[in-house]
Amino acid sequence: MEKIIIEKCGPIKKAELDLKQTLVLIGPQSSGKSIIAKLITIFRDFNFVTQQEPFAFNKLIIKHNIKNFITEKTKIEYKCEYYKFTLENNQQDIEIKVELNKLIKEYKHVAMVGD
């Protein structure tokens with residue numbers, strides 16, 4: 001199960017999405033589709049979880065050029081089987097649900113099988 005909730009982020013007033021293997025975002029220009037896609041990219045990036053840097057999220061929103069859409073009123077919650085990330089009132093919290101070493105082994109195994 002993978003889910004993202006976004007509130008008050010750029011043009012997005014509120015969005016709650018259950019993420020599947022395939023996701024299609026349809027909407028008018030400047031409605032927040034790219035913001036959603038970039039946030040999903042950040043949260044699915046294996047390095048985001050394994051870096052364990054307090055400001056990894058801040059660096060990635062700058063890299064993906066969405067920092068200006070995130071304000072003190074923005075709320076973002078991302079959940080997957082491995083971790084939960086929350087941003088609310090400019091405070092970030094990440095709750096790891098599995099031992100990172102186990103997650104790294106699984107990732108390496110999948111990467112080797114995929115080659």
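This is a predicted model: local features need pLDDT of at least 70, side-chain atom pairs count only at pLDDT 80 or more; totals for chains, interfaces and linings use all residues.
**View 1. Arg44 and Glu2 join in a salt bridge.** Welcome to a pair whose closest N and O atoms sit 2.8 Å apart. Arg44 belongs to helix α1, which covers residues 33–44, while Glu2 sits in the segment before β1 (3–9), so this contact ties together parts that are 42 residues apart in sequence. The two partners can also be described by their accessibility. Glu2 is buried, with a relative accessible area of 16%, whereas Arg44 is partly exposed at 43%.

**View 2. Lys3 and Glu16 form a salt bridge.** Here the closest N and O atoms are 2.8 Å apart. Lys3 comes from strand β1 and Glu16 from strand β2 (residues 12–18), so the pair ties together parts that are 13 residues apart in sequence. With a relative accessibility of 18%, Lys3 counts as buried because the cut-off is under 20%. Glu16, at 46%, counts as partly exposed.

**View 3. The side chains of Glu7 and Lys14 meet in a salt bridge.** For this pair, the N to O distance is 3.7 Å. That places the contact inside the definition, because a salt bridge needs the nitrogen within 4 Å of the carboxyl oxygen. Glu7 is partly exposed at 22% relative accessibility, and Lys14 is exposed at 56%.

**View 4. The whole structure holds 4 salt bridges.** Among them are Arg44 with Glu2, Lys3 with Glu16 and Glu7 with Lys14.

Terms used: Residues are numbered from 1 along each chain as its sequence is written. Side-chain values use heavy atoms; hydrogens and water are left out. Helices (H or I, at least four residues) and strands (E, at least two) are DSSP runs, numbered from the N terminus. Buried means under 20% relative accessible area, exposed over 50%, partly exposed in between (1.4 Å probe, protein chains only).
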